[in-house]
Amino acid sequence: MIGLALAGGGSRGAYQIGVYKALKKCHIKIDGFVGTSIGALNAAMLASNRDKELYNLWKSINIGNIFGFSDNFISNLEKNKVNLKLIKSGLTDFKKIILNKGISLDNYRKVIKDLNIEESLYKSNKDFGLVTVKFPEFKPLYLFKDDIKPKLLNEYIIASCYLPIFKMEKILDNKYYLDGGFYDNIPANALLKKGYDLVYAVNLDAIGVKRPYLDKSKVIEIKPSRNLGSILNVNKDKINKNIELGYFDTLKIIKKLDGYKYIFKKRSEFYYSFLLKNIKKRTLKETQTFFRTTDYKKLIIKSLEYVMKKEGYSYYEIYNPYKVIREIKKMKKKYGVYKFINQISIL
């Protein structure tokens, strides 16, 4: 059996939708899903076979509204400028949050309720689990859907997401709960204990406890190759880019593609050595010093990525290194890293 463990990380959770999209593209069938915090909500929807609906939700959802901020404040915040207009537009919202002693869960609770997850989840043959922490005894709870009554599912998902920024309220059994990330932010072990043969673990690089995997040989970790932004990010463009990043980062791992910040079709060490057969020794030495590597394959890929970033190449594509080298040569720039690439041999 193959499982998918989804970490917590607020609005960074959009990345996980891209991951699942890539797994599906590669015909990898997932038998069970487990998540912490926002990962619990994503896992519940994916285990319900509602991945397309989840994708559309992330593409359209207004994260700021869920946190209780007005459209006016969100609009100003998305411009990434801290000015008087932004401060004025947020004062009313912040005052409301302070008087409420935290962000209200009402909007988030409504989003989950409207999804009506319990109806589809309990009809599905896919495993689903989540992690939360009972407070103040700090007791971790690993629960699968067989442990949760359908009518309480929404509250357990909320319990798994309960950060201290929210207004403190008792959720279940007249008890307080904390975000599952306070105990286990990437709950791959929950699936390993159930006997799963392989678990894809999606790490969002967010604050939280990362517990050692019980069997590393059975875990493939997927993590962002670039910064996903704040866990409270409200910028829709950034959320959409994070979905794309999750997709391409996962394709890179599954298909064993080359690259660090960009993605290249797989080529052998010999291929890259051949490209440097006519390189001038001085140019080679200068470039090796600049990138701090004598490995030919790494040297060329790092050089290409350096120029690609300068030239504004999209991150969301799989590149043929030969074509990129040819394109850069046509730029006819003869300094620095460009000079090195100009000396690379291509047919």
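Is S37 buried or exposed? S37 is buried, with a relative accessible area of 7% (buried is under 20%, exposed over 50%, partly exposed in between, with a 1.4 Å probe and protein chains only). The model is predicted, with local features needing pLDDT of at least 70 and side-chain atom pairs counting only at pLDDT 80 or more, while totals for chains, interfaces and linings use all residues. Residues are numbered from 1 along each chain as its sequence is written, and side-chain values use heavy atoms, leaving out hydrogens and water.

**Backbone geometry**

- Most residues other than glycine have a negative phi, and most peptide bonds are trans.
- S37, not a glycine, has a positive phi of about 60 degrees and lies in the loop between β2 (32–36) and α2 (38–47); helices are DSSP runs of H or I with at least four residues, strands runs of E with at least two, numbered from the N terminus.
- K332 also has a positive phi, near 55 degrees, in the loop between α15 (321–330) and α16 (336–342).
- K332 is exposed, at a relative accessible area of 66%.
- The F135 to P136 peptide bond is cis, with omega near 15 degrees, and P136 is in the loop between β3 (127–135) and β4 (139–144).

**Packing of α7 and α9**

- Helix α7 (residues 106–115) packs against helix α9 (residues 153–160) at about 135 degrees, with axes 10 Å apart.
- In α7, Y108, R109, I112 and K113 meet N154, E155, I157 and I158 of α9 (contact means heavy atoms within 4.5 Å).
- The residues of this contact divide into four nonpolar, one polar and three charged.

Note on methods
Axes are lines fitted to C-alpha atoms, for helices over the stretch in contact, and angles run from 0 to 180 degrees between N-to-C directions. Ala, Val, Leu, Ile, Met, Phe, Trp, Tyr, Cys and Pro count as nonpolar, Asp, Glu, Lys and Arg as charged, and the others, Gly among them, as polar.
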